[in-house]
Amino acid sequence: MYSTKSSKNAQDFLKRLYYVYHGKIENLQTDNGSEFQGYFEKTIQQFPKKIQRYFSRPRTPKDNSVNENFNGTLQREFVNLP
């Protein structure tokens, strides 16, 4: 878990995910946040296999409600531990 949203942290997470899945990432969906630009974007371009990237529509959490619900559950039950 990262304490801040940054392109460097998103890059680190992506590299770890790539390692865990042995490079078998075919596509990614992100929002348009600045943490998914810079280092993160450069890392995607450096992977040997092209990864298709999809962007969420702005201000439409209903488009991705299952993921939003899952993220909320993780936040409440694990990240925000007393």
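The chain contains three helices and two strands, arranged from the N terminus in the order α-β-α-β-α. Please bear in mind that this is a predicted model.

Regarding overall dimensions, the C-alpha trace spans about 40 × 30 × 20 Å along its principal axes. The chain has 82 residues, of which 24% count as buried. Its accessible surface amounts to about 6,800 Å², and carbon and sulfur atoms contribute 54% of that. Among contacts with a separation of 6 or more, 62% link residues 24 or more positions apart.

On charge, there are 13 positive and 8 negative side chains, with the centres of the two sets 4 Å apart.

I turn now to the aromatic rings. A pair of such rings is described by the distance of the centres and the angle of the planes. How many aromatic pairs does the chain have? The count comes to two.

In one of them, the ring centres of Tyr18 and Phe47 lie 3.8 Å apart with the planes at 0°, so this pair is stacked. Tyr18 belongs to helix 1 (residues 7-20), while Phe47 sits in the loop between helix 2 (39-46) and strand 2 (52-55), so the pair ties together parts 29 residues apart in sequence. Both Tyr18 and Phe47 are buried.

The rings of Phe36 and Phe40 have centres 5.2 Å apart and planes at 70°; since that angle is over 60 degrees, the pair is edge-to-face. Phe36 counts as buried at 18% relative accessibility, and Phe40 is buried at 4%.

Finally, Lys8 lies over the face of Tyr39, 4.4 Å from the ring centre.

Note on methods:
Residues are numbered from 1 along each chain as its sequence is written. This is a predicted model: local features need pLDDT of at least 70, side-chain atom pairs count only at pLDDT 80 or more; totals for chains, interfaces and linings use all residues. Side-chain values use heavy atoms; hydrogens and water are left out. Helices (H or I, at least four residues) and strands (E, at least two) are DSSP runs, numbered from the N terminus. Buried means under 20% relative accessible area, exposed over 50%, partly exposed in between (1.4 Å probe, protein chains only). Contact means heavy atoms within 4.5 Å. Accessible areas come from the Shrake-Rupley method with a 1.4 Å probe; for residues, only the protein chains shown count as cover. Lys and Arg count as positive and Asp and Glu as negative; His and the chain ends are not counted. The place of a charge is taken as NZ of Lys, CZ of Arg, CG of Asp or CD of Glu. Rings of Phe, Tyr and Trp (its six-membered ring) pair if their centres lie within 6.5 Å; planes under 30 degrees apart count as stacked, over 60 as edge-to-face and the rest as tilted. A charge sits over a ring if NZ of Lys or CZ of Arg is within 6 Å of the ring centre and within 35 degrees of the ring normal.
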